[in-house]
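Hi,

Here is the structure I promised to pass on.

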Amino acid sequence: MKNKILRKLFLGFIQVHILGHGARGEFYGSWLIEHLKDHGYNMSPGTIYPILHKMEKEGLLEVEERVVEGKKRKYYRSTPLGCEVLKEARIKARELVKGGDRDD
């Protein structure tokens, strides 16, 4: 039960992280997997790509396909809506973390 709850929370944090990278510039899925691994998170393609596709369908990310070294690669970037959601998520996260430190 605990692991299921933590996983759900973690996936939300990952989406905010993805929007942050997409707001700064474009990225592709395998780079994101390696980047998260560098931060100590071992995420499989079977986890990352469905998140990216869902975020694209929700209008948070836009994608551009390019051929790189003979292979198709999808580059993702945050949309204006994605940037707006990112900004709001950061504000809310700061408020919640700050408020969580009190003993009310």
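Is the crossing of α2 and α3 left-handed or right-handed? The crossing of these two helices is right-handed (left-handed would mean that the near helix is turned anticlockwise from the far one by less than a right angle, right-handed that it is turned clockwise). Their axes cross at roughly 125° and come within 10 Å (axes are lines fitted to C-alpha atoms, for helices over the stretch in contact, with angles from 0 to 180 degrees between N-to-C directions). That makes α2 oblique to α3 (under 35 degrees counts as roughly parallel, over 145 as roughly antiparallel, 65 to 115 as roughly perpendicular, and the rest as oblique). On the α2 side the contact is made by Gly29, Ser30, Leu32, Ile33 and Leu36, and on the α3 side by Pro45, Ile48, Tyr49 and Leu52 (contact means heavy atoms within 4.5 Å).

Before going on, a word on the basis: this is a predicted model, where local features need pLDDT of at least 70 and side-chain atom pairs count only at pLDDT 80 or more, while totals for chains, interfaces and linings use all residues. Residues are numbered from 1 along each chain as its sequence is written, and side-chain values use heavy atoms, leaving out hydrogens and water. Helices (H or I, at least four residues) and strands (E, at least two) are DSSP runs, numbered from the N terminus.

Now the other neighbour of α2. The axes of α1 and α2 come within 12 Å and cross at roughly 120°, and this crossing is right-handed. Here Ile14, His17, Ile18 and His21 of α1 meet Trp31, Leu32, His35 and Leu36 of α2.

As for α2 itself (residues 29-38), its buried residues are Gly29, Leu32, Ile33, His35 and Leu36 (buried is under 20% relative accessible area, exposed over 50%, partly exposed in between, with a 1.4 Å probe and protein chains only). Down the helix axis they fall within an arc of 165°, so they line one face of α2 (the arc is that of the directions from the axis to the C-beta atoms). Among the elements covering them are β1 (27-28) and β3 (71-78). After α2 comes Gly40, with a positive phi near 95°.

On to the strands: β2 (residues 61-68) pairs with β3 in the antiparallel sense over eight bridges (pairing takes at least two DSSP bridges). Val67 has Lys72 in β3 as its bridge partner. The two strands form a hairpin with two residues between them, and Glu69 in the turn has a positive phi of about 50°.

Cheers
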